Amino acid sequence: MAYDHQEQEQLDELKAWWAHYGNLVLLGFAVVALVVGGFQGWRYYQRGQAVAAATLYGQLEQADRAGDRKRVRDIAGQITAKYASTPYGTLAALGAARASGEAGDLADAKSRLHWVIENSRDDAVKDIARLRLAAVFLDEKNYSEALKQLETKPVDTVAGLYADMRGDILSAQGNKAQARNAYQLALDRSEAGGPYRAIVQLKLDALGDAK
């Protein structure tokens with residue numbers, strides 16, 4: 001029958017095509033399977049990393065509440081070494097920097113804050129690290145380095161805190177006029193009626209009237 005003949009011709013053509021290209025098609029399927037499998041494996045790996053980092057960070061928080069600064073720093077070191085790509089890496093480094101500052105180890109505090117600035121993917125987190133680094137330099141009376149940390153324009157949510165810190169540094173330098181301007185900017189960026197605004201106002205009042 002004509003229909004059967006045409007069907008056989010098509011089948012023969014298909015067989016010939018498969019004989020020529022079949023290996024390439026199978027290779028393509030294999031590549032797709034590897035890509036899909038690799039993607040699923042990567043997602044599983046990332047979830048595993050996040051869970052492990054979260055577990056360690058929970059232990060860090062417990063140590064922090066207990067006032068065990070050494071353990072805070074030790075756990076933070078594990079997190080930043082093994083799980084730096086997770087959000088817990090920068091959180092751990094910030095916590096360890098605070099613990100080091102409280103312990104008087106300003107060199108370690110600066111090192112961990114620099115790590116956050118270099119490794120965080122979040123601009124707000126970087127800004128917080130710069131702000132805390134400026135505070136460390138202020139404690140060391142290294143005013144020029146403290147001011148340098150505040151040169152980068154911060155995200156709006158911390159702009160007031162940057163102005164306040166700049167005011168603290170300028171006031172410590174004895175530059176009352178610029179300190180007053182910085183505190184005024186901090187006031188303008190603060191929430192009306194908030195406790196932080198009252199603190200900035202006290203600093204501004206302590207400078208006395210402009211002359």
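Q: Is lysine 70 buried, partly exposed or exposed?
A: Lysine 70 counts as exposed, at 55% relative accessibility; buried means under 20% relative accessible area, exposed over 50%, and partly exposed in between (1.4 Å probe, protein chains only). This is a predicted model, in which local features need pLDDT of at least 70, side-chain atom pairs count only at pLDDT 80 or more, and totals for chains, interfaces and linings use all residues. Residues are numbered from 1 along each chain as its sequence is written, and side-chain values use heavy atoms, leaving out hydrogens and water.

Q: Which residue forms a salt bridge with lysine 70?
A: Aspartate 74 does, with the closest N and O atoms 2.8 Å apart. A salt bridge here is a side-chain nitrogen of Lys or Arg within 4 Å of a carboxyl oxygen of Asp or Glu. Both residues lie in helix α2 (residues 69-82), 4 residues apart, about one turn of the helix. Helices are DSSP runs (H or I, at least four residues), numbered from the N terminus.

Q: And how exposed is aspartate 74?
A: Aspartate 74 counts as partly exposed, at 39% relative accessibility.

Q: How many salt bridges does the structure hold?
A: The structure holds 11. One of them joins aspartate 64 to arginine 98, with the closest N and O atoms 2.8 Å apart. Aspartate 64 lies in helix α1 (residues 2-65) and arginine 98 in helix α3 (residues 87-102), so this pair ties together parts 34 residues apart in sequence.

Q: Which residues are linked in a network of salt bridges?
A: Arg73, Asp105, Asp108 and Arg112 are linked in this way.

Note on methods. Helix = DSSP H or I, 4+ residues; strand = E, 2+ residues; numbered from the N terminus.
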